[in-house]
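This briefing is meant to be read beside the sequence and the model, and it is grouped by topic.

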Amino acid sequence: MRHNCLTFSGAYLGFYETYSGAYAMYPHPNRGDFMICGETNSLWIFDGSRWLDSMRTNIEQHLLPITIPAPNKDVNGNYLPVDVTITFEPNEIAGHQMTYFGLFPYAGTYRLSCFNKPNSTGLVVTISQASHVILFFDGDLWNYTAVEITPNLVKLIDSINDLDIALSEKIRIAQQIGVAAQQLAVQAQDTANQGKSYAEGALSQISATNTRIDTLVGGNATSAIDNFNEIEKFLQGITDTKTLTALLVEVEKKIADNAINISANDTAIIRNKQSIDDINTRLATSNVEIDKKLNTADFNAKVGASGGICPLDSTNKIPSRHLPSYVDDVIDLVGFIASVPHPNEPLLAKGFYYLIGDKKIGEFTGVDPEPLLTLPEQSKIYVKLSDNKQYRWSGTDMIVLSETIALGETSSTAYAGNKGKANATAIAGLTTRMGTTETRLNTAEVGIIAEKQNLTQLSNIVSINTQGIKDSNVFVT
């Protein structure tokens, strides 16, 4: 395989916004000098007679999508060949030209195995210092040209690479610091929560202590202090050791008794709290179980189902579809007829009729002489509109539920209520009058008996006087 190589040394002249600006600064550049032009956003190289825009030719151009590794040296200080790993295949088309640009930042020998036409060994690039390498395919063979880069530019590239490495390390350290900060924040939050818990516990203990003090001093610290001052003055006034000792013994006994009572109360309070906690736990468990039962699919499936639970509508009433038919099904019958009328007979009025001969219910439309016949239902109530009698189907025939009541004054009729009320009122009046008359008769009877007694007494007096006259032989003529 033929490899053509053109290697020349040039200087990097820098970045210029326009081509004219670069030309004004360097009107006579050396062969191999290159610069970057912002006007075209491309690399320009001076070939000794003119400036060439690397991105403005009729040749297909690409940038090498690889990173060139640094070569190793042997014991004599010579660079060892480097096999450059390239994961793509260049589009080699006979008679079609193309160019690849790449930066080789280190001196050495590089084997590019994928650029292998026509030989399978690949293209070998040898440079003595950092260079821009242009790989050119002329339609038959691969060639390359190396444009050497000044040592200062190599140092700049190395510095940039070092900065990238340092920046990556700083980013990694910043990420670690961020993770550590998050951990510290979590620990600080935990510490704050523990401090809050300790503070709440301390406040609770202080509150309990205050409660105990209030229990001992009657809830009034000022009064308690005054009481203690009075007690102190009282004790200072006692000079008798025996009396003071007896008082101290009594006080200590009362304090001990109070302590026992307080301990017993505390025990009772703890026991009651445990009982309350136990009850609350059981209630919570029961509520959970009730909720589970109420929310189970089995319970929900029973609502509205046959043999299940009857639901309520929005008015808290049972929907009619869940009631037996006899509760709300009442059929009005226009009348009872013997059978379906002959087609030549006049049409019956629209409505339901009971056909006595067929023992069926006929629904007439008032237009079609043929009715829709159905069997009566035992769960329905049938009302004959002509006399308002109620019927129910027994299974074989219509049975009257309630006969119509006829008013009259015979043995087969009912007596009118208004007449009965009037008679009852008249009878009550007669009874009252009879009672009054009886009272008067009783009073008259008593008077008659008294008059009779008076007459009897008068008769006795007359008889006595008559006898006295007889005895005196005095005759009255």
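The notes below move from strands and sheets to the core, the aromatic rings and a few single residues.

This is a predicted model, in which local features need pLDDT of at least 70 and side-chain atom pairs count only at pLDDT 80 or more, while totals for chains, interfaces and linings use all residues. Residues are numbered from 1 along each chain as its sequence is written, and side-chain values use heavy atoms, with hydrogens and water left out.

- Helices (H or I, at least four residues) and strands (E, at least two) are taken as DSSP runs and numbered from the N terminus, and two strands count as paired if DSSP finds at least two bridges between them.
- Strand S12 (residues 142–148) is largely enclosed by the rest of the structure, because seven of its seven residues are buried, where buried means under 20% relative accessible area, exposed means over 50% and partly exposed lies in between (1.4 Å probe, protein chains only).
- Trp142, Tyr144, Ala146 and Glu148 point one way from S12, whereas Asn143, Thr145 and Val147 point the other way, and all are buried.

**The S7-S9-S10 sheet**

- Strands of a sheet pair through backbone hydrogen bonds, either parallel or antiparallel.
- Three strands form an open sheet in the order S7-S9-S10, with mixed pairing.
- Strand S7 (82–84) and strand S10 (123–127) stand at the edges, each with a single partner strand, so one side of each is left without a neighbour in the sheet.
- Neighbouring strands of this sheet are turned by 30° against each other on average, direction ignored, with axes being lines fitted to C-alpha atoms (for helices over the stretch in contact) and angles running from 0 to 180 degrees between N-to-C directions.
- Strand S9 (residues 108–112) and S10 pair in the antiparallel sense over five bridges, and Gly108 stands opposite Ile127 in S10.

**The nonpolar core**

- The largest nonpolar core has 22 residues, and those with the most contacts inside it are Phe115 and Leu135; such a core is a set of buried Ala, Val, Leu, Ile, Met, Phe, Trp, Tyr and Cys residues joined through side-chain atoms within 4.5 Å.
- The elements that give two or more residues to this core are S7, strand S8 (98–104), S9, S10, S11 and S12.
- Not counting residues up to four places away in sequence, Leu135 touches a set of residues that includes Leu64, Met98, Leu112, Phe115, Val125 and Trp142, where contact means heavy atoms within 4.5 Å.

**Aromatic pairs**

- The structure holds ten aromatic pairs, in which rings of Phe, Tyr and Trp (its six-membered ring) have centres within 6.5 Å, with planes under 30 degrees apart counted as stacked, over 60 as edge-to-face and the rest as tilted.
- Phe115 and Trp142 form an edge-to-face pair, at 4.6 Å centre to centre and 85° between the planes.
- This pair links distant parts of the chain, since Phe115 lies in the loop between S9 and S10 and Trp142 in strand S12, 27 residues apart; both Phe115 and Trp142 are buried.
- The rings of Phe336 and Tyr391 have their centres 4.9 Å apart and their planes at 45°, so the pair is tilted.
- Phe336 lies in strand S13 (residues 330–337) and Tyr391 in strand S18, 55 residues apart, so that this pair too links distant parts of the chain.
- Phe336 is partly exposed, with a relative accessible area of 26%, whereas Tyr391 is buried at 7%.
- Phe336, Tyr354, Tyr391 and Trp393 form one aromatic cluster.

**Single residues**

- Lys384 is found in strand S17 and is buried, with a relative accessible area of 14%.
- Leaving aside its neighbours within four places in sequence, Lys384 is in contact with Leu333, Gly335, Phe336, Lys389 and Tyr391.
- Lys359, in the loop between strand S14 (351–355) and strand S15 (360–364), has a positive phi near 55° although it is not a glycine, and at 32% relative accessibility Lys359 counts as partly exposed.
- Asn388, in the loop between strand S17 (381–384) and strand S18 (389–393), likewise has a positive phi, near 60°, in a residue other than glycine, and at 56% relative accessibility Asn388 counts as exposed.
- A search of the whole structure finds zero disulfides (pairs of cysteine sulfur atoms within 2.5 Å); Cys37 counts as buried at 0% relative accessibility, and Cys114 counts as buried at 4%.
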